[in-house]
Amino acid sequence: MPDVGVNEIYVLKFDVKTVNLMAPFSPLKAFGTFFKIGFFTIGGGPVMIPFIEKEVVEKNEWLTKEEFMDLMVVSQSLPGVFAANFAIAIGYRLGGRRGSMACATGTVLPSIICILAVALFFQQLRGNTVVENVFRGIRPAVTALILGPIFNLSKAAGITWKTVWIPIVSALLIWLLGVSPIWIIVAGIAGGIARYLMMNKEGQ
Amino acid sequence: MLFLELFFTFFKIGLFGFGGGFAIISLIQNEVVAEHSWMTFSEFTDIVAVSQMTPGPIGINAATYVGYTAVVNAGYSAGWGVAGSLLATFSTLLPSFILMLLVSRFLLKYTDHPAVRSVFSALRPVVIGLIASAALMLMNKENFGDPSKDMAQFLLSVYLFAASFVAINKWKMNPIQVIIISGAIGGLFYGFLPN
């Protein structure tokens with residue numbers, strides 16, 4: 001088992017704390033932990049990270065900080081909802097398939113409960129003038145909310161005058177020509193591979 | 001068959017949902033409003049607002065709510081709507097489970113490989129385009145009002161959009177606060193303005 005070797009290195013490096021690394025993991029407890037985190041964090045994945053770290057690394061000592069970071073990178077790289085990916089990755093690492101199901105269910109169950117409560121409640125209010133008025137005010141704000149992070153994201157992605165055409169062309173293709181965003185993502189992946197192959201060729 | 005289509009749609013969204021919450025929102029919007037016409041733009045916008053304000057990841061909240069709404073809009077009962085919401089959530093997660101079992105070890109080993117890094121650095125600008133397109137598509141008559149019919153609503157919408165944008169980007173205001181304040185302004189303005 002390659003994992004044993006890795007753990008030994010951690011033990012050497014980080015002494016006492018990591019001796020508990022393979023400390024008892026119960027899927028039920030993991031479910032409870034992720035359920036609690038899901039219920040008390042509003043705002044999605046990024047908001048959850050410090051809470052997950054506190055529970056998984058500090059309180060329960062299921063993972064070392066390094067393992068936690070590794071699994072976070074994998075969860076961010078894979079497609080899908082980040083928080084769910086992260087729960088699946090942590091659960092899988094700790095308790096295999098059963099562990100991953102327990103953590104994933106714990107993460108999404110609060111969402112399902114709250115959303116269904118809201119959905120059933122709003123169904124009663126359908127056509128209510130006050131509710132409709134409130135939402136007429138909210139809709140333009142939601143648009144701004146989605147557009148809001150664009151500039152920070154552009155900075156983080158290192159967009160320059162040479163690459164700014166990529167988001168602009170992608171947005172226009174989807175908005176004006178009705179191209180599916182999925183094709184744009186596929187094109188992005190293909191572009192990334194093509195660029196790597198070209199750089200490799202130049203390097204030789 | 002609506003339920004089968006729901007499954008494939010959200011499986012696809014889970015499989016191609018790179019780039020976080022709002023990028024996934026743009027995929028859901030495109031599939032659910034533009035491709036399948038399961039709901040209107042305003043209904044979807046309301047779902048985004050609720051998903052932002054309720055606990056849990058935005059992508060999961062939106063998938064759950066969209067699954068429910070799509071089924072109920074098709075004429076099924078609320079019970080079937082609950083089934084639709086569970087199906088949509090499960091289908092979004094399924095690719096994550098599969099990929100985690102198949103490639104997480106590989107990815108952990110190769111995250112620093114130049115090919116992997118090249119793909120992710122190419123995806124980042126694309127994801128920004130996706131998010132921009134989602135916002136552009138929501139800036140329509142349904143959400144902002146038709147200036148030729150209701151100039152007051154259109155002007156207030158433009159104002160609320162601009163103010164929210166400044167509040168989020170410049171003042172770093174919490175999105176939930178922005179939604180609550182805009183909703184309150186909408187409720188007061190449209191409630192007391194005789195149409």
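Mentor: Two residues are in contact if their C-beta atoms, placed from the backbone, lie within 7 Å. This is a predicted model, in which local features need pLDDT of at least 70 and side-chain atom pairs count only at pLDDT 80 or more, while totals for chains, interfaces and linings use all residues. Residues are numbered from 1 along each chain as its sequence is written, and chains are lettered from A in the order in which they are written.

Trainee: How many residues of chain B are in contact with chain A?

Mentor: The interface draws on both chains. Chain A contributes 80 residues, and these are in contact with residues of chain B numbering 95.

Trainee: Which helix gives the most to the side of chain A that touches chain B?

Mentor: Helices (H or I, at least four residues) are DSSP runs, numbered from the N terminus. Several of them supply at least two residues each to that side of chain A, including α3 (27–40) and α10 (181–203). The greatest share, 20 residues, comes from α6(A).

Trainee: Is Tyr76(B) buried, partly exposed or exposed?

Mentor: Tyr76(B) sits in the loop between α4 (58–73) and α5 (78–110) of chain B. A residue is buried if 20 or more other C-beta atoms lie within 10 Å of its own, exposed if 12 or fewer, and partly exposed in between, with C-beta atoms placed from the backbone. Because Tyr76(B) has 16 C-beta neighbours inside 10 Å, the residue counts as partly exposed.
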